[in-house]
Amino acid sequence: MLLIKITPDKCDYCGTCVGVCPEDAIELTDSTIDIDEELCTNCSKCVWVCPIDVLIFDKNKLKEKE
Amino acid sequence: MKIDKEYDVVVVGAGPAGSVAAKFAAEKGVSVLALEKDREIGTPVRCGEAVSHEGIAEFIVPDEKFISSHIDKFTLISPDGTEVTIPLEQKGYMLNRQLFDKAVAEEAMNSGAKFLTNAYVHGLLFEDGKVSGVKVKHYGEEYEIKSKIVIAADGVESRVGRWAGLTTHVDFREMEGAYQIVAANISVPTDTLIFYFGEDVAPEGYLWVFPKGEGKANIGIGVSGEIGKTKSAYKYLNEFVDRKYPEASMLSTVSGGVPCTPSLKKIFAPGIILVGDAARQVNPLSGGGIASGMIGGSIGGTVAGEAVIENRPDKLSEYQERWEKRLGKRHRIFDKVKNGVYNFSDEQFNSLAKSFSKVPFEKRTLGNLFKKALINQPSLLIEAAKIFVMD
């Protein structure tokens, strides 16, 4: 289950997250961002490098899962 | 606009590295198409915009039309506020990257390269295990464009290289998430780059205030993924600006990533080479990537052009060798020095600034500063010394 949440309105489409994703799970154009649920392992590296907090680890969803 | 079905060289990305690669390839007399994802070359500006004279002079005549300020010194501000100003041995510039990038692209166009904007490359073509072109979307239309060589200059994302099987992803601890603003209504000297250090302002790095003419500055910070676990670049920068320049207004804001790591172990594969940020050709100590990206682009473009002309696809490995010799080795040393310097405590920065401020102004050089900074770290001192004796 994808636990990384994106706030697209906030995104600058800068690609920093793409550069650290070990799975190449993030699809980014100059005005769209999307995470491939099949590929994402929820490792959160994208969350940590995002300069403007667009990507967050969704703790509520994790609780639901549990 | 007319686009052919086939080019000798296709460049993905029209930043300075991609455009210089396009120029040098075109100068060899081969056909070149450069594809830019964004609608406009030079925007958005994800960059501190500072560069030394020799960093760009090799590729383009410095022109007032793309220079915002002339720089002749820099000031380091330690955590306790001690300021040390150091004259630059080589003068530098604050660029207007929106205009600079266009000027570099125009140089390539004048050499015969063709450029297309709003052209999003979303896949590669392969033939017999070799990259043989790109899949591109341009205003809703899909094109397949064949090429003998693809030059991936697609920036920090560096996906094109991954599609070709190269390992391009950066360790999150070495990726700096950067946030910057161009601020107006602030008072800064127009000839000085200012760097702030310290745990509160910019842990494991620096915050920059770079002048962009009277009353304006590019203010930004890069925060590594490790620091970013607890606090983002956005938050660090806003706290700083609110405290230091409460009267400031924003002319623009932007975020971006800086791969502060030595360049990739492998920057070529059959039919493809990587240049600029995509190859991680960034000075890991400063985070500067304009000059080194253009150097990578020039070597890459030259080798690609020669490989086509001589019909020697195997020649691409020479690109890696030439890059290593010119800057690759040097960047690995910078990376070691970075790990020493950015682990300084606030006290270490303060005492360094205090002791260096006693050095007479004319004797203050970057080399002397490093000597002082690393005096208690002999192994790093030796590494740093290599930087100043190499080429």
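Let us begin with one residue, Ala164(B), which touches Leu124(B), Phe126(B), Val131(B), Ala269(B) and Ile272(B), leaving aside residues up to four places away in sequence; contact here means heavy atoms within 4.5 Å. The model is predicted, so local features need pLDDT of at least 70 and side-chain atom pairs count only at pLDDT 80 or more, while totals for chains, interfaces and linings use all residues. Residues are numbered from 1 along each chain as its sequence is written, chains are lettered from A and ligands numbered from 1 in the order in which they are written, and side-chain values use heavy atoms, with hydrogens and water left out.

Where does Ala164(B) lie? Its place is the loop between α4 and β10 of chain B; helices (H or I, at least four residues) and strands (E, at least two) are DSSP runs, numbered from the N terminus. Ala164(B) is buried, at a relative accessible area of 18%. In this talk, buried means under 20% relative accessible area, exposed over 50%, and partly exposed in between, with a 1.4 Å probe and protein chains only. Between Ala164(B) and Val131(B) there are 33 residues of separation in sequence, but 6.9 Å in space, C-alpha to C-alpha.

I turn now to the domains of chain B. The assignment, which is automatic or from a database, gives domain 1 (6-45 + 98-171 + 262-324), domain 2 (68-93 + 172-259) and domain 3 (338-389). The centres of domain 1 and domain 2 of chain B, taken over C-alpha atoms, are separated by 30 Å. Each of these two domains of chain B gives ten residues to their contact. The area buried between them is about 920 Å², with 57% from carbon and sulfur atoms; buried area is the accessible area (1.4 Å probe) that two parts lose on being put together, summed over both. On the side of domain 1 of chain B, Val156(B), Val170(B) and Asp171(B) lose the most area to domain 2, together 53% of what that side buries.

The next topic is salt bridges. Side chains of opposite charge can pair when their charged atoms come close. The rule asks for a side-chain nitrogen of Lys or Arg within 4 Å of a carboxyl oxygen of Asp or Glu. How many does the whole structure hold over all chains? The search finds 31 salt bridges. One joins Lys148(B) to Asp8(B), with the closest N and O atoms 2.8 Å apart. Lys148(B) lies in strand β9 (residues 141-152) and Asp8(B) in strand β1 (residues 6-12) of chain B, so this pair ties together parts that are 140 residues apart in sequence. Lys148(B) is partly exposed, at 40% relative accessibility, whereas Asp8(B) is buried, at 16%. Another salt bridge joins Lys315(B) and Glu306(B), at 3.1 Å, N to O, and both of these residues are buried. Both also belong to a network of salt bridges, whose members include Lys28(B), Glu310(B) and Arg322(B).

Finally, we come to the two chains. Their contact takes 31 residues from chain B and 24 residues from chain A. The area buried between them is about 2200 Å², of which carbon and sulfur atoms give 52%. In chain B, Arg159(B), Arg162(B) and Phe172(B) lose the most area to chain A, together 24% of what that side buries. The count between the chains is four salt bridges. In one salt bridge, the side chain of Arg159(B) meets that of Asp24(A), at 3.0 Å, N to O.
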